[in-house]
Amino acid sequence: MNKKLMSLLVVLLSGSTAFSQIHTMVRKDSSAIHRTYNLDPVVVTGSGHHQRLKSTATPVRVLFSQEIREQGISTFDDALTRMMPQVSMAPNSMGTFLRLNGLGNKYILILINGQKLSGDISNNVDLNRINMSRVKRIEVLDGAASSLYGSDAIAGVINIITDQPTQNLVSITSDTHVSGHGILTEAVSLDIYKNGFGSYTSFTHDRADSYQNIDLEYVKGSDTETQKTIAPFFTGYRSNIIGQKFTYAPNEHLALNAGIDYSYKITDRPETREDTPGGLDYEMRYKGFRWNLGGIYKFTAKNSLQANFTVDRFRYGKEYDVATKDYAVGDYVQSKKQRMMEGELKAILGLSAHNTTIFGADWRKDYLTATSGNIDQHVYTLAAYAQHEMRLLKDLTATLGLRFTHHETFMNHLTPKATLMYAPGNFRFRATYSAGFRAPGLDELYYHYFSVNRGKPQISFGNQDLKPEKSHYFSLNAEYRDNVIAVSLTGYLNRINDMVVKQNVAVDDASRTMLMAEFPEMTQDQADKMASYALYQNSDKGDVKGMQLNVSANIFQGFNLSANYAYTYARTKSDDDWDLLERSIRHAATIAANYHHTWGCYGLNVNLNGRLQSKTYYTGTYEDAPGYGIWNLHTTHTFDCTKWAFVEPSIGIDNIFDKVDRRIDSSTRKYALYSSGRMLVIGLKVKFKQ
């Protein structure tokens, strides 16, 4: 342990805490340490308007900032994977490969306050753009949700709700987390709210060093001979996020908001060396810029009109830190630039006591410029939607929704939704059908990509003959919920037609000649090494069956227990052959136990949480990654002894039992567990308020 880490540990080591719940933690008074646990929070994602969790006809999972922080979590990746078994992540230098219920990034719609987060890196979401210091809660809706949210919502929706205080105050907050391998997250925020005007400023710096679990790799073409490598198992990075949001509510009817977010990230990988392979001549650099304007006018408590406009820009490329034949140190070569503009108008009408109607329209335009893929294209989408929620009988509620989408390339599509909920007492029984729609991305349509990665040529072609993907999602849910326990069991079936996949096409002499004509920069030697190239095509269908069990309980005052299990059987059919979906996981579970107690102005939180999962399936020549179980212990100590400030040091251990995947890297090997082993995690949150 280095001297800086030891010094910080001495400062922070004053006890022990941690926490995990699936319960909302609500302040009872001005103190930061007195909390109650609410098993029926307010959510918005399932129905498109605010209502209690037990009242929504579509099941929604909710993660709150308090439980995220008290588990010692500082990243969006960890928040989802530690607390939601149906989610998995695979981090790399090209973003994070995210899966929800067996389906990957492009089927998952990520929203910030209901507005789409755009930008991806080779279909991998750049989750470092999400400012965790501003997260109030994360709502996850499983299954197709295109009737409300449009294209891309086939696997589900992840909606990040940010926090803006609305009481007269001035507050400054600093939140720091440190652990091994140079991992550091520092978030600083300044919040001002006075007489209806709010200003919320934040800065977050996040960094991590590259590391290896084993410094060997198989020699190319051999399954037995090994050699030293400096290639990282985990790619280090440095990132910064700057955010500014203004709100203005002159009266109880009108609320306006405007926000800007800027994000910057650059990888930190070992440089090329002559004596050892695995280094690279360049780092990957990413920049994002997002701004939005919005407002809501409330005619009455149940009738409102909302408008939002968002512009999201994202680009990435190579920044050279080693001089090469073509580039000097510091040269930047752009790979991809994306821009999205989106406007939405929505009316929420509660015209009677037990009915809510939503009408909405939105317009979106996407731009893609990819130098490496030889693309400069754009496409627009227009949509109108309606949803009506009505009480049929005393305990019986139905929701009907329909969205009409006009896509510039793929013309017109309808996506309906129907739900039925029977709610006697504390029980809920739900049935859902929803259709999904996803238009192929501009890269899937127009890509014309050639690159050389460590001497190996790679080629990908888009396909303008692709058809849009369509899905049919069915689910049944039974739930019991009161102030002590919440139990939910859900079974679902998600069937997808015309899935767009990258298929490898074998190279023969004729196609080799074609490839050299398409890419004149490719040498004869590189062409001779080509065994296959990638072509986007429509697979016949996808089929995902699954079950989820969620249990949350307030066992006794101060002690909370939660357990979540997900079973997923995900397959894809091409021609007459069924294959398991790439990176799918059959069994996964998360377990958390939390104890909280206060003594005067001191609060202690102790949290034990774990994730257990079976092997991860890989297709083709890749071998499956073994399953694992990871347990973490975290403690948080809150000192709230004055009206103007509180201090919250924390200390914990990630991966208590030191589980590590130390298999030697090879061309046929991929991974599911990315931990470097047992690590000490320490943190300090300080808040000054007036």
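Modeller: Happy to. Keep in mind that this is a predicted model. Cys-601 and Cys-641 form a disulfide, with 2.1 Å between their sulfur atoms.

Biologist: How many disulfides are there?

Modeller: The count comes to 1 disulfide.

Biologist: Where do Cys-601 and Cys-641 sit in the chain?

Modeller: Cys-601 is in the loop between β38 (587-599) and β39 (602-613), while Cys-641 is in the loop between β40 (628-639) and β41 (645-654). The two are 40 residues apart, and the pair links distant parts of the chain.

Biologist: And which handedness does the link of Cys-601 and Cys-641 have?

Modeller: The link is right-handed, with 65° about the S-S bond.

Biologist: Switching topic to strands: what does β34 pair with?

Modeller: Strand β34 (residues 532-538) pairs with strand β30 (residues 456-461) in the parallel sense, over 2 bridges. Strand β33 (residues 500-506) runs antiparallel to β34, and 7 bridges join them.

Biologist: Which residue in β34 stands opposite Phe-461?

Modeller: Leu-535 stands opposite Phe-461.

Biologist: And what is the bridge partner of Val-501 in β34?

Modeller: That one is Gln-537.

Biologist: Okay, now Arg-495. Which strand does Arg-495 lie in?

Modeller: Arg-495 lies in strand β32 (residues 485-497).

Biologist: What does Arg-495 touch?

Modeller: Leaving out residues up to four places away in sequence, Arg-495 touches Lys-470, Ser-471, His-472, Gly-542 and Asp-543. With Asp-543 there is also a polar contact of 2.9 Å between the side chains.

Biologist: Is Arg-495 buried, exposed or partly exposed?

Modeller: Arg-495 counts as partly exposed, because its relative accessibility is 42%.

Biologist: And how are Arg-495 and Ile-154 placed?

Modeller: They are 341 residues apart along the chain, yet their C-alpha atoms are separated by 9.6 Å.

Biologist: Let's do rings. How many aromatic pairs does the structure hold?

Modeller: There are 24 aromatic pairs. Among them are Tyr-297 and Phe-299, whose ring centres are 5.0 Å apart; the planes are at 75°, so this pair is edge-to-face. Tyr-297 is partly exposed at 36% relative accessibility, and Phe-299 is partly exposed at 48%.

Biologist: Are Tyr-473 and Tyr-492 buried or exposed?

Modeller: Tyr-473 is buried, with a relative accessible area of 5%. Tyr-492 also counts as buried, at 7% relative accessibility.

Biologist: Which residues do ring pairs link into a cluster?

Modeller: Tyr-422, Phe-427, Phe-429 and Tyr-480 are linked that way.

Terms used
Residues are numbered from 1 along each chain as its sequence is written. This is a predicted model: local features need pLDDT of at least 70, side-chain atom pairs count only at pLDDT 80 or more; totals for chains, interfaces and linings use all residues. Side-chain values use heavy atoms; hydrogens and water are left out. A disulfide is a pair of cysteine sulfur atoms within 2.5 Å. Helices (H or I, at least four residues) and strands (E, at least two) are DSSP runs, numbered from the N terminus. Two strands pair if DSSP finds at least two bridges between them. Buried means under 20% relative accessible area, exposed over 50%, partly exposed in between (1.4 Å probe, protein chains only). Contact means heavy atoms within 4.5 Å. A polar contact is a pair of N or O atoms within 3.5 Å; within protein, one must be able to donate a hydrogen and the other to accept it, and residues adjacent in sequence count only if both atoms are side-chain atoms. Rings of Phe, Tyr and Trp (its six-membered ring) pair if their centres lie within 6.5 Å; planes under 30 degrees apart count as stacked, over 60 as edge-to-face and the rest as tilted.
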